Amino acid sequence: MNLFDLLFPSRCPLCGKIHSIKGEKGICKVCYRKLPVVMEPCCKHCGKPIADVKAEYCYDCEERDSSLSEGTALFVYTDQIKKAMAAFKYGGCQVDGAVYGGELLKHRGTKLAGWEIDSIIPVPLHRRRRWFRGYNQAEVIAEVIGEGLNIPLLTDCLERKRYTRPQNGLDNKKRMQNVQGAFKIHKGFKREQLVGRNILLVDDIYTTGATLEACAKLLCRQGVRNVYFACLCIGQDY
């Protein structure tokens, strides 16, 4: 074992315990067996778990029109996953993004490939928030997906022009209002890269989908053919 491994031992991103097995990385075996991977039945549009096996869509997707063609997520947003995402976003655990992105590819890669994506766009952070965190967690995940599926990223396309309050704690209506007009196409971006293309939006958490909807509406106005999305975790419809 080298000095780096002694000073910074590999830990499980979910439970935080140091790996006891030599060479072990990523999610430990104990946590892996308990992963709350999204399973059927789930909404045909957003992928959110639903209680009624006969239902096709969750409540949110039934109640509104959407600019998003379809979406998928990996984990149910349980208390354990909530703590892990907080560490990933706010605790400087940028390296965990490679683990989560790899799991997303492992479980959802076939579905993503079937959408015939032309480009991937990570949901942007406001420059103030990105400066504070040091990275955009959505971009970290998007880079893993892009490399795994050989799809280019467009990190210079969307820009968050307005500093918005965090979405957690807001009801559905306020979430929509909070992100209304919050995004724009970057001034120097060539819009012909969007016309007629299939775009994949990537973010970390999906609750009501307000942020992704705001991005999708803007992209559709630029001539995008289809806007899909992939998230690490998603809430439940019950």
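The axes of helix 4 (residues 79–90) and helix 5 (residues 96–114) come within 10 Å and cross at roughly 130°. Axes here are lines fitted to C-alpha atoms, for helices over the stretch in contact, and angles run from 0 to 180 degrees between N-to-C directions. Helices (H or I, at least four residues) and strands (E, at least two) are DSSP runs, numbered from the N terminus.

This is a predicted model: local features need pLDDT of at least 70, side-chain atom pairs count only at pLDDT 80 or more, and totals for chains, interfaces and linings use all residues. Residues are numbered from 1 along each chain as its sequence is written, and side-chain values use heavy atoms, with hydrogens and water left out.

Helix 4 brings Ala84, Met85 and Phe88 to the contact, and helix 5 brings Asp96, Gly97 and Tyr100. Contact means heavy atoms within 4.5 Å.

### The sheet

Which order do the strands of the open sheet have? The 4 strands follow the order 1-6-5-2, with parallel pairing. Two strands pair if DSSP finds at least two bridges between them. Strand 1 and strand 2 (119–122) stand at the edges with a single partner strand each, so one side of each has no neighbour in the sheet. Neighbouring strands are turned by 20° against each other on average, direction ignored.

Two of the pairings are listed here.

| Strands | Bridges | Opposite residues |
|---|---|---|
| Strand 1 and strand 6 (residues 226–234) | 6 bridges | Gly71 and Phe229 |
| Strand 5 (residues 198–206) and strand 6 | 8 bridges | Ile199 and Val227 |

Strand 1 (residues 70–76) is largely enclosed by the rest of the structure, because 6 of its 7 residues are buried. Buried means under 20% relative accessible area, exposed over 50%, partly exposed in between (1.4 Å probe, protein chains only).

Helices lie across these strands. Helix 4 lies across strand 1, strand 5 and strand 6, at about 110° to strand 6. Helix 7 (residues 137–149) lies across strand 2, strand 5 and strand 6, at about 130° to strand 5.

### Asn226

Asn226 lies in strand 6. Leaving aside neighbours within four places in sequence, Asn226 is in contact with Ser69, Arg197, Asn198 and Ile199. Its C-alpha atom is separated by 8.9 Å from that of Ile117, 109 residues apart along the chain.
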